[in-house]
Amino acid sequence: MKRIVTLLLVVLTMATVNSQTLTERQKGLAACACLMAQGDLERLEPAVRMALDSGVTINELKEAFSQLYAYTGFPRSLNALGVLSKVVENRKANWQEGKPWKRPAEWDDAKKAYELGVKNQTQLSGRPFNYEFCPQDDYYLKSHLFGDIFAGDQFTPADREIVTVAALSGLEGVAPQLAAHKQGAVNMGNSQKLVDELCSWLSQEGYTLHSQWPKGEPNPYGQFFTGKSYLAEMEKGLFNVTFEPRCRNNWHIHHKQVQVLICVAGRGWYQEWGKEAVEMTPGTVIAIPAEVKHWHGAAKDSWFQHLTYHKDVQEGASNEWLEAVTDEIYDQLR
């Protein structure tokens, strides 16, 4: 078991991202795009505030949420715009309206829109692209997505692809499109380093859950958790537990055994009764003494994944589940 823990720590250390090329503004755009794509309106509202505080303009967010209807559908686009509208009702003085929106000339000339779409799609793809298998979609892509939508002047082509990559990162079942747009983001003016950092940052901050560890099935002990969690059995008594944002287990005690937690993805919390909570990030290892009342779970705005196993197990070892961690206690965590 010691060898397993050592290997995990080596892997986590090697995976640390040292580069810092993303700006706070780009992070704000990416967070909003990713949460909008997932339809997570509860987390989207504070993300919108964070983005506006970081220099993203109101009109840029309107453009982002409008553009993404082509990738996520009108319902999520309109819901995100509704969140933005609610937030700006009580706007801060430092929030910027941004560049005034103007109707693109291409909207009044179908030929120009199509020609612009061909140009944009070729640049993004790195070569001419014709979807002959389905001429309808070929036309929609060129004329509407890469023509009408890309004709807006709120974003540079580079920023527009940051928004798209972040949104696709939050969706399941779109791996081919995500791969294409990650390369397209480079073709449209972003560095490869920045695109790689963008995807790593979304994962590390818990906006997406990209992990080498399996998510598993719905937790059979879910009645002792607030929120959704998942359990994957590994080997030699090692388990991986995945928590959605805000999910945490009840207070509990491990009798006659020590529990070890190893955070491998996202951010979370560990707290012992009567003590301050400890933040857990990838690489954090906590050994919980026997007979100590405690809980652990995800941060409010992040998925959280930890490995766990027991050591120093004595005869008669057991786990005692206690009361839930109240919102009053949980919401005090910063």
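Lys-215 lies over the face of Tyr-230, 4.3 Å from the ring centre; a charge counts as over a ring if NZ of Lys or CZ of Arg is within 6 Å of the ring centre and within 35 degrees of the ring normal. The model is predicted, with local features needing pLDDT of at least 70 and side-chain atom pairs pLDDT 80 or more, while totals for chains, interfaces and linings use all residues. Residues are numbered from 1 along each chain as its sequence is written, and side-chain values use heavy atoms, without hydrogens or water.

**Charge over ring**
- The charged end of Arg-248 sits over the ring of Tyr-330, at 4.3 Å from its centre.

**Aromatic pairs**
- There are 12 aromatic pairs (ring centres of Phe, Tyr or the six-membered ring of Trp within 6.5 Å; planes under 30 degrees apart are stacked, over 60 edge-to-face, the rest tilted).
- Phe-146 and Phe-150 pair edge-to-face, at 5.1 Å centre to centre and 65 degrees between the planes.
- Both Phe-146 and Phe-150 are buried (under 20% relative accessible area, 1.4 Å probe, protein chains only).
- Phe-225 and Phe-243 are tilted, because their centres are 5.8 Å apart and their planes stand at 40 degrees.
- Phe-225 is in strand S2 (residues 225-226) and Phe-243 in strand S4, 18 residues apart; strands are DSSP runs of E, at least two residues, numbered from the N terminus.
- Phe-225 and Phe-243 are both buried.
- One aromatic cluster is formed by Phe-224, Phe-225, Phe-243, Phe-304 and Trp-321.

**Sheet**
- An open sheet of 6 strands runs in the order S1-S3-S4-S12-S7-S10 with antiparallel pairing (at least two DSSP bridges between two strands).
- Its edge strands are S1 (217-218) and S10 (285-288), each pairing on one side only.
- Strand S4 (residues 239-243) is joined to the antiparallel strand S12 (residues 304-311) by 5 bridges.
- Phe-243 stands opposite Phe-304 in S12.

Methods: Helix = DSSP H or I, 4+ residues; strand = E, 2+ residues; numbered from the N terminus. Buried < 20%, exposed > 50% of the residue type's maximum accessible area, 1.4 Å probe, protein only.
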